[in-house]
Amino acid sequence: MALIVVDHPLAQHLMATLRDRTTPAHLYRAACTELSRLLIFEATRGLPLTERRIHTPLEETTVRQLVAPPAVVPVLRAGLGMLGAALELFPDAPVGFVGLRRDEHNFTPARYYCKLPPLAGRDALCLDPMIATGGSAEEALKLIQAEGPRSLTMVAVVAAPEGIDRLAKAHPGVAVFCAALDRELNARRYILPGVGDFGDRLYGTEEA
Ligand code: PRP
Ligand code: URA
């Protein structure tokens, strides 16, 4: 499995905003959107192109265009924070949704929603900012893979080594793009140093 940590200075600058516990939800959402745009841009470098003959105002030439936009599948809830950026880059992308909630006692994901567009033969992106134990990403990728996409790429913000090891075993053919590979998980399986609970910070639902 390929792991690509996008270390562009702008990505690292945005990571600083996400990591800082004093960042309010509206700035957190803005930084998440900006960073997602960079990550998705990198993650879609390999999209296939097709050639077409056109006329510029001066002469005939060959241009290259996307064969099709990728399908994007955010994992509810935190993955929704990445969807706006994906649709800015690919406005005509078909969108699917996978709803997973990580049980805070046994840390396994429980599925509560799944609606996917036809994916056979398409390039697909799974969006979830956090890969901690990797259980949620493993489950989401399994659901998407079952629909037969041509390629499948995971786009995250922060990953932990444990989650990456798990995905490498479960989904060796999936490339993972993220902005940071952090140190470890704590006893509650939160990523260290991490950003805290991504969904809560995105939507301002942290407990005081
Ligand atoms: C978070 C995150 C991932 C998952 C990662 O979601 O968005 O989906 O945890 O943890 P894992 O790698 O150990 O499975 P959460 O379950 O907190 O739900 P939310 O997005 O609705 O807040
Ligand atoms: N989910 C989060 O939102 N943050 C973590 O650190 C781990 C799982």
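Me: What share of the 208 residues of the protein count as buried?
Reply: This is a predicted model. Buried means under 20% relative accessible area. Of the 208 residues of the protein, the share that counts as buried is 45%.

Me: How many helices and strands does the protein have, and how does its radius of gyration stand against the globule rule?
Reply: The secondary structure comes to six helices and 14 strands. For 208 residues the globule rule gives 17 Å, and the protein is close to that, so it is as compact as a globular protein of that length. Its radius of gyration is 18 Å.

Me: Among contacts between residues at least 6 apart in sequence, what share joins residues at least 24 apart?
Reply: A contact means heavy atoms within 4.5 Å. Among the contacts in the protein between residues at least 6 apart in sequence, the share joining residues at least 24 apart is 64%.

Me: Which residues lie nearest the centre of the largest pocket?
Reply: The largest pocket holds about 570 Å³ of space. Its lining has 13 nonpolar, six polar and seven charged residues. Strand 4 (71-76) and helix 4 (135-145) are among the elements that each supply at least two residues of that lining. Of the 26 lining residues, those nearest the centre are A78, R102, E104, S136 and D197.

Me: Is G81 buried or exposed?
Reply: G81 sits in helix 3 (residues 80-89). Not counting residues up to four places away in sequence, G81 touches C32, T33, S36, L202 and Y203. C32 is 49 residues from G81 in sequence, yet their C-alpha atoms are 6.5 Å apart. The relative accessible area of G81 is 13% and the cut-off is under 20%, so G81 is buried.

Me: How does R189 count by relative accessibility?
Reply: R189 lies in the loop between strand 13 (184-185) and strand 14. Its phi is positive, near 60 degrees. The relative accessibility of R189 is 29%, so this residue counts as partly exposed.

Notes:
Residues numbered from 1 in each chain as written. Chains lettered and ligands numbered in written order. Predicted model: local features only at pLDDT ≥ 70, side-chain atom pairs only at ≥ 80, totals over all residues. Heavy atoms only, no water. 1 Å grid on protein atoms, 1.4 Å probe; cavity = no way out; pocket = protein on both sides within 12 Å on 5 of 7 lines; lining within 4 Å. Points joined across faces, edges and corners; volume = space filled by probe spheres on them. Helix = DSSP H or I, 4+ residues; strand = E, 2+ residues; numbered from the N terminus. Nonpolar A, V, L, I, M, F, W, Y, C, P; charged D, E, K, R; others polar. Rg over C-alpha atoms; globule rule 2.2 N^0.38 Å. Buried < 20%, exposed > 50% of the residue type's maximum accessible area, 1.4 Å probe, protein only.
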